[in-house]
Amino acid sequence: MARRQLPSLNALRAFEAFGRHGRMTLAADELCVTHGAVSRQIRQLEEQLGVALTEGPRSRLRMTEAGLKLAQALSPAFDQIEAAVPQPAPVGPRPLVVSCLPTFAMKWLIPRLPSFQAAHPDIPVRVAESNGPFDFKADGIDLAIRMRSPDTVVTYDSEVWPFMEHYHGPIMSPQVAAAQPMSLERICTMPRLLTRTFLESWSDWARNFEVDDLPPPASEQVFDHYFYMIEAAAAGLGVAIGPWAFVQRDLASGRLVAPLGFTHGRARIVAVTPPDGATPEAYLFRDWLLEQGASTPLPPVLSCDSRAGR
């Protein structure tokens, strides 16, 4: 059998974590190493491959197109490895299993999770990332977080608890936005970024924004997950429609900008619990979600002045 020609698995793991989180510090926290260790692993990987995987200043590092392609391949590969690793018998209290949209988990839920753990140190929480349908009993789920629109077809019985309004709008890198004035028409004709998990993002935003016909874009590029699409926008590859809950932290740090602001979407972000009653721990988590949702700042809402470019 031919010997595998693979780079360092530690370096690949560090880069995959950076690709999902978009920030060295968050990748370092996940891997329980220092920021410098992650940076060195990625630099060594680039040297070994002879390809630049990241670019930009240290404070706003982003992936190159080659980096995005590699990261998209690594995530499912590591998911398969994780699923195949035998798990030891559980010790201690059973964790509260929360099924959550992957990008929402990374960008909104996990950064806030320490406050729940501090208030309830006896309730371990396991976040199971998932976009699709679920079965509470078969999948061992206590609570699910989903985005629910008025026309969502529900195929399971459940109790639904809305805890956040949904806002969305065009997002891009500061460098792209600074290149020329960003009118509505200009943004709609720029290279368009999409995610396979919600290809309707642009038409959905146009409907909420009361745009009758979207002009054709210069090009379209589709990514497997929201977080890769967001990273592609930060890398300057084009413009994407980003949900406020997913991009709030990147906007605050300056990695992304939203020249037109955000508009109110029809969907809401909801907590879903079993129809026959959730566990006390799940209800505590639901109440915490309601508090966190209420305290999340509202985005800059699209103004009449922003629409002047129509």
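In which sense do strand S3 and strand S5 pair, and over how many bridges?

## Pairing of S3 and S5

In this predicted model, strand S3, spanning residues 96-100, and strand S5, spanning residues 143-148, pair in the parallel sense over three bridges. Within this pairing, Ser99 has Ala144 of S5 as its bridge partner.

## Helices on the sheet

Helix H5, residues 102-119, packs on the sheet and touches S3, S4, S5, strand S6 (159-171) and strand S10 (263-273). The direction of H5 makes about 175° with that of S4.

Helix H12, residues 280-295, also packs on the sheet, where S3, S4, S5, S6 and S10 are touched by this helix. The direction of H12 makes about 35° with that of S6.

## Sheet architecture

The sheet is open and is formed by six strands in the order S4-S3-S5-S10-S6-S9, with mixed pairing. Strand S4 (125-129) and strand S9 (240-243) each have a single partner strand and stand at the edges, so one side of each lacks a neighbour in the sheet. On average, neighbouring strands of this sheet are turned by 25° against each other, direction ignored.

Gly265 lies in strand S10. Its relative accessibility is 3%, which is under the 20% limit, and Gly265 therefore counts as buried. When residues up to four places away in sequence are not counted, Gly265 touches His166, Tyr167, His168 and Asn208.

Pro76 stands 189 residues from Gly265 along the chain, and the C-alpha atoms of these two residues are separated by 30 Å.

Terms used: Residues numbered from 1 in each chain as written. Predicted model: local features only at pLDDT ≥ 70, side-chain atom pairs only at ≥ 80, totals over all residues. Heavy atoms only, no water. Pairing = 2+ DSSP bridges. Helix = DSSP H or I, 4+ residues; strand = E, 2+ residues; numbered from the N terminus. Axes fitted to C-alpha atoms, helices over the stretch in contact; angles between N-to-C directions. Contact = heavy atoms within 4.5 Å. Buried < 20%, exposed > 50% of the residue type's maximum accessible area, 1.4 Å probe, protein only.
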